[in-house]
Amino acid sequence: MILKRILGITAILAMALLYFSCKHETVIPEQKVCFTADVQPIINANCANTGCHDAITHEEGIDLSSYNGIMKEVSAGKPYDSELYDIIRSGEMPPSPRTALNSDQMKLIYVWILQGAKNEACAK
């Protein structure tokens, strides 16, 4: 009985040591993603349109027609803590019969959030 307890405690300590000794650094891609050139067109075409999340309809109280509205659904630097990314990644939005965002579009939004979700316009 005591041996089992000692082994259990040793295993827990070993796992904790392994977990805390690992470095989990997020690698931010070098590709610069800009809000106005890359992200906003995707959101406008798929989310911020009539009957969905535009300034007039703002379905479920969500208005994705502006940077400020989008940022209410985004946690800068944290894609997996961002409602916007979670909902498009899950395939729930945009709803059928509209086509879900493709992997390139999702990646742009992911990288934009990871890079700080800044309201930047880049020359393309």
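A pocket is an open set of grid points with protein on both sides within 12 Å along at least five of seven lines. The legends below come back to that term. The model shown is predicted.

**Figure 1**
The chain has 5 helices and 0 strands. Read along the sequence, the pattern is α-α-α-α-α. Of the 124 residues, 29% count as buried. Among contacts with a separation of 6 or more, residues 24 or more positions apart account for 61%.

**Figure 1. The largest pocket is lined by 15 residues.**
The volume of the largest pocket is about 210 Å³. Of its 15 lining residues, His53, Ile62, Leu64, Ile87 and Met93 are the closest to the centre. Which helix gives the most to this lining? Helix α4, residues 83–90, does, with 4 residues. By type, the lining of the largest pocket divides into 10 nonpolar, 2 polar and 3 charged residues.

**Figure 2. Helix α4 has buried residues on one side.**
Leu84, Tyr85 and Ile88 are the buried residues of α4. These residues sit on the same side of α4 because they cover an arc of only 90° around the axis. The buried residues of α4 pack against α2, α3 (67–71) and α5. Just after α4 comes Gly91. The phi of Gly91 is positive, at about 90°.

**Figure 3. Helix α2 also has a buried side.**
Six names belong to this view: Phe35, Asp38, Val39, Ile42, Ile43 and Asn46 are buried in α2. Their arc around the axis is only 120°, so they lie on the same side of α2. The cover over the buried residues of α2 includes α3, α4 and α5.

The C-alpha atoms of Gln105 and Ile88 are separated by 9.8 Å. Along the chain, Gln105 and Ile88 are 17 residues apart. Ile88 is one of the buried residues of α4.

**Figure 4. A disulfide joins Cys34 and Cys122.**
The count comes to 1 disulfide. The sulfur atoms of Cys34 and Cys122 are 1.5 Å apart. With -75° about the S-S bond, the link is left-handed. The pair links distant parts of the chain, 88 residues apart. Cys34 is in the loop between α1 (2–21) and α2 (35–46). Cys122 is in the segment after α5 (103–114).

Cys52 is in no disulfide, and its nearest cysteine sulfur is that of Cys47. Cys47 is buried, with a relative accessible area of 7%. Cys52 is buried too, with a relative accessible area of 13%.

**Figure 5. The largest cavity is lined by residues including Trp112.**
The count comes to 1 cavity of 30 Å³ or more. The space in the largest cavity is about 40 Å³. Which residues line the largest cavity? Lys32, Val33, Trp112, Gln115, Lys118 and Glu120 do. This lining divides into 2 nonpolar, 1 polar and 3 charged residues.

Notes:
Residues numbered from 1 in each chain as written. Predicted model: local features only at pLDDT ≥ 70, side-chain atom pairs only at ≥ 80, totals over all residues. Heavy atoms only, no water. Disulfide = S-S within 2.5 Å. Helix = DSSP H or I, 4+ residues; strand = E, 2+ residues; numbered from the N terminus. Buried < 20%, exposed > 50% of the residue type's maximum accessible area, 1.4 Å probe, protein only. 1 Å grid on protein atoms, 1.4 Å probe; cavity = no way out; pocket = protein on both sides within 12 Å on 5 of 7 lines; lining within 4 Å. Points joined across faces, edges and corners; volume = space filled by probe spheres on them. Nonpolar A, V, L, I, M, F, W, Y, C, P; charged D, E, K, R; others polar. Arc of directions from axis to C-beta. Contact = heavy atoms within 4.5 Å.
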